Amino acid sequence: ITDTYTLNNGIKIPIVGFGTWQTPDGDIAYKSVKTALSDGYRHIDTAAAYGNEESVGRGIKDSGVDRHDIFLTTKLWNENHGYEATKKAIETSLQKLGTDYVDLYLIHWPNPLTFRDNETEVRAGTWRAMEEIYKDGKARAIGISNFRPRHLESLMQTATIKPAVNQNYLNPSDLQPEIQAANAKYNILNEAYSPLGTGDLLQNPTLQAIAKKYDRSVAQITLRWSLEHGFLPLPKSIHADRIQQNTDLFDFELSIPDMKKIDSLHGSGRLATDPDTAKF
Ligand code: A2P
């Protein structure tokens, strides 16, 4: 998948990424990353909290694909917020991944439970460290994840570098209109985790009917919908046939009425976790 979006700092990002949340560490993560790269994915998304950075890194190394041709994202976990801890956390992630830079480093959640009383101050320190990580060349872009508009606006009070990306739970069951609007204001790219609703959407009758009409799988319809919105979907799979299938999205288009039909599923399934009430 060589098509790219251009981030607000000018760097290019392949428009579909390979998701690894809930991919078990070890052989499964190692093999699925290798399979994805041999199928043409050039964008891998992991996180310290997924516990699979080492296997993902090994998969990349053994894939035979040049590191510089791969866009690699990882994320800062909640317990490592704050200036000092953030600077340490990136080193740990780089070491586990077996690389000296990531393409994108994200704050995983805006306001961990342990910092929720003084979140503004802690988050500002975290972002100051992220900016240094970027300037030091340890991340080619920096961004955020699970940030609602109020967290983004709070970050922007002290930021000298805008986030390039905001990664969210984003799929036909939750279109996140407020987040999309806030991101648009700063030209921040909407990345979509759980683009298939962690699999829930595959049973959706509306999507099944549309899939039948286009002679495509529900996964392909849903990912195509995400792309046509200008989102960057991060489908996860540990099965070779599905990993491959999820790249096969570029020889069909959804009609405007079908896009609207899928949009109307908003609110009918699981919604994103609210960071302000999350228990972590
Ligand atoms: P598996 O990993 O066992 O292949 P999301 O990307 O929204 O998190 O969804 C991931 C879930 O959807 C996983 O359970 C994954 O299963 C499943 N999945 C991913 N791609 C497909 C596909 N093309 N067809 C059916 N199920 C899929």
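Before the details, a word on conventions: residues are numbered from 1 along each chain as its sequence is written. Because the model is predicted, local features need pLDDT of at least 70 and side-chain atom pairs count only at pLDDT 80 or more, while totals for chains, interfaces and linings use all residues.

Let me begin with the annotation, which comes from an unreviewed UniProt entry and assigns residues 16-265 to the domain "NADP-dependent oxidoreductase"; UniProt positions are given in the numbering used here, feature names are shortened, and annotations may be inferred rather than shown by experiment. Over that span the end C-alpha atoms are 22 Å apart, and the content is 42% helix and 12% strand, where helices (H or I, at least four residues) and strands (E, at least two) are DSSP runs numbered from the N terminus.

I turn now to helix packing. Two packed helices are described by the angle between their axes and the distance between the axes; the axes are lines fitted to C-alpha atoms, for helices over the stretch in contact, and angles run from 0 to 180 degrees between N-to-C directions. Helix α7, residues 205-214, packs on helix α8, residues 218-228, at about 95°, with the axes 8 Å apart, which makes α7 roughly perpendicular to α8 (angles under 35 degrees count as roughly parallel, over 145 as roughly antiparallel, 65 to 115 as roughly perpendicular and the rest as oblique). On the α7 side the contact is made by Leu207, Gln208, Ile210, Ala211 and Tyr214, and on the α8 side by Val218, Ile221 and Thr222, contact meaning that C-beta atoms, placed from the backbone, lie within 7 Å. By class, this contact has 6 nonpolar, 2 polar and no charged residues, with Ala, Val, Leu, Ile, Met, Phe, Trp, Tyr, Cys and Pro taken as nonpolar, Asp, Glu, Lys and Arg as charged, and the others, Gly among them, as polar.

Within α8, Ile221 counts as buried because it has 27 C-beta neighbours inside 10 Å; the cut-offs are 20 or more other C-beta atoms within 10 Å for buried, 12 or fewer for exposed, and partly exposed in between, with C-beta atoms placed from the backbone. Leaving aside neighbours within four places in sequence, Ile221 is in contact with Leu207, Ile210, Ala211, Tyr214 and Arg216.

In the loop between α7 and α8, Asp215 has a positive phi near 55° without being a glycine, and Asp215 is exposed, with 8 other C-beta atoms within 10 Å. Ser194, in the loop between β9 (189-193) and α7, also has a positive phi, of about 50°, but Ser194 is buried, with 24 other C-beta atoms within 10 Å.

The second pair is α2, residues 53-62, with α3, residues 83-97, at about 45° and with axes 7 Å apart; these helices are therefore oblique to each other. Here Glu53, Glu54, Val56 and Gly57 of α2 meet Ser93, Lys96 and Leu97 of α3, giving 2 nonpolar, 2 polar and 3 charged residues.

Finally, the ligand: of the 18 residues around it, Leu196, Gly199, Ala219, Ser237 and Arg242 come nearest, where a residue is near if its C-beta atom, placed from the backbone, lies within 6 Å. The shell has 6 nonpolar, 10 polar and 2 charged residues.

Key. Contact = placed C-beta atoms within 7 Å.
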